[in-house]
Amino acid sequence: MRGLLVALLLSLAVAGGWAQSGGKKVLVLQATAYTSSVRETDSTPFLTATGMRTRLGVLAVSPDLLKVLPYGTKVRLKDLGSVYGRGRGQFDYLFRDRIFVVADVMHPRMREKVDVWLPDRATALRFGRRVVSLEVVEYPRR
């Protein structure tokens, strides 16, 4: 049964399926973490694509997701565990009561993924590749 649940979560993460949760849009995606180092970013590691300074609460999305999660979108994240189905909720302490804002973009080769900015490399490495539930709180005003 657990294997079936993991397979279902993984297929949703790969497909990037939208769901409705109490009138709010929820997206299940694969997530990784990044820090402000030149080897993980560009020559301006503390600035996002929108010009915002990096901080806990900054989210980068793959270019294909910018259509549904444009810059400035505010979201909540929930840790669903590693892509192998382990450690569910392990990183919820970083997500609890925090609104994330889409302020950066990932490399063009990435598809249907998000990247969470973290202040240190050790935590980012422990974060690894996980599945997260992303709930849209507010879209930016046009």
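A polar contact is a pair of N or O atoms within 3.5 Å. The legends below apply this term and others to a predicted model.

**View 1. Polar surroundings of serine 62 in the predicted model.**
Serine 62 belongs to the loop between strand S3 (58-61) and S4. With a relative accessibility of 0%, serine 62 counts as buried. Its side chain makes a polar contact with the side chain of aspartate 64 at 2.5 Å; this pair qualifies because 2.5 Å falls within the 3.5 Å limit. The side chain of serine 62 also reaches the backbone nitrogen of glutamate 112, at 3.0 Å. When neighbours within four places in sequence are left aside, serine 62 is in contact with Val105, Met106, Met110, Arg111, Glu112 and Lys113.

**View 2. The salt bridge between arginine 130 and aspartate 79.**
Side chains of opposite charge can pair when their charged atoms come close. The count for this structure is 1 salt bridge. It is formed by arginine 130 and aspartate 79, whose closest N and O atoms are 3.0 Å apart. The pair links distant parts of the chain, with arginine 130 in strand S7 (residues 130-138) and aspartate 79 in strand S4 (residues 74-82), 51 residues apart. Arginine 130 is buried at 3% relative accessibility, and aspartate 79 is buried with a relative accessible area of 0%. Both values meet the criterion for burial because buried means under 20% relative accessible area.

**View 3. An aromatic cluster and the charge over one of its rings.**
The structure holds 4 aromatic pairs. In one of them, the ring centres of phenylalanine 91 and phenylalanine 127 are 5.0 Å apart and the planes stand at 65°, so the pair is edge-to-face. Phenylalanine 91 lies in the loop between S4 and helix H2 (92-95), and phenylalanine 127 lies in helix H3 (residues 121-127), so the pair ties together parts that are 36 residues apart in sequence. Phenylalanine 91 is buried at 1% relative accessibility, and phenylalanine 127 is buried at 1%. The rings of phenylalanine 95 and phenylalanine 100 have their centres 5.7 Å apart and their planes at 80°, which makes this pair edge-to-face. Phenylalanine 95 and phenylalanine 100 are both buried. Phe91, Tyr93, Phe95, Phe100 and Phe127 form one aromatic cluster. Arginine 130, the residue of the salt bridge, lies over the face of phenylalanine 127, at 5.9 Å from the ring centre.

**View 4. Strand S2 and its pairing with S7 and S6.**
Strand S2 (residues 24-34) is largely enclosed by the rest of the structure, because 8 of its 11 residues are buried. S2 and S7 run antiparallel and are joined by 6 bridges. Within this pairing, alanine 31 stands opposite arginine 130 in S7. S2 and strand S6 (residues 113-117) run parallel and are joined by 5 bridges. Here glutamine 30 stands opposite lysine 113 in S6. Lysine 113 is also among the contacts of serine 62.

**View 5. Proline 140 and its contacts.**
Proline 140 is located in the segment after S7. Its relative accessible area is 24%, and proline 140 is therefore partly exposed. Proline 140 and tyrosine 71 are 69 residues apart in sequence, while their C-alpha atoms are 7.4 Å apart in space. Not counting residues up to four places away in sequence, proline 140 touches Pro70, Tyr71, Gly72 and Thr73.

Technical notes: Residues are numbered from 1 along each chain as its sequence is written. This is a predicted model: local features need pLDDT of at least 70, side-chain atom pairs count only at pLDDT 80 or more; totals for chains, interfaces and linings use all residues. Side-chain values use heavy atoms; hydrogens and water are left out. A salt bridge is a side-chain nitrogen of Lys or Arg within 4 Å of a carboxyl oxygen of Asp or Glu. Helices (H or I, at least four residues) and strands (E, at least two) are DSSP runs, numbered from the N terminus. Buried means under 20% relative accessible area, exposed over 50%, partly exposed in between (1.4 Å probe, protein chains only). Rings of Phe, Tyr and Trp (its six-membered ring) pair if their centres lie within 6.5 Å; planes under 30 degrees apart count as stacked, over 60 as edge-to-face and the rest as tilted. A charge sits over a ring if NZ of Lys or CZ of Arg is within 6 Å of the ring centre and within 35 degrees of the ring normal. Contact means heavy atoms within 4.5 Å. Two strands pair if DSSP finds at least two bridges between them. A polar contact is a pair of N or O atoms within 3.5 Å; within protein, one must be able to donate a hydrogen and the other to accept it, and residues adjacent in sequence count only if both atoms are side-chain atoms.
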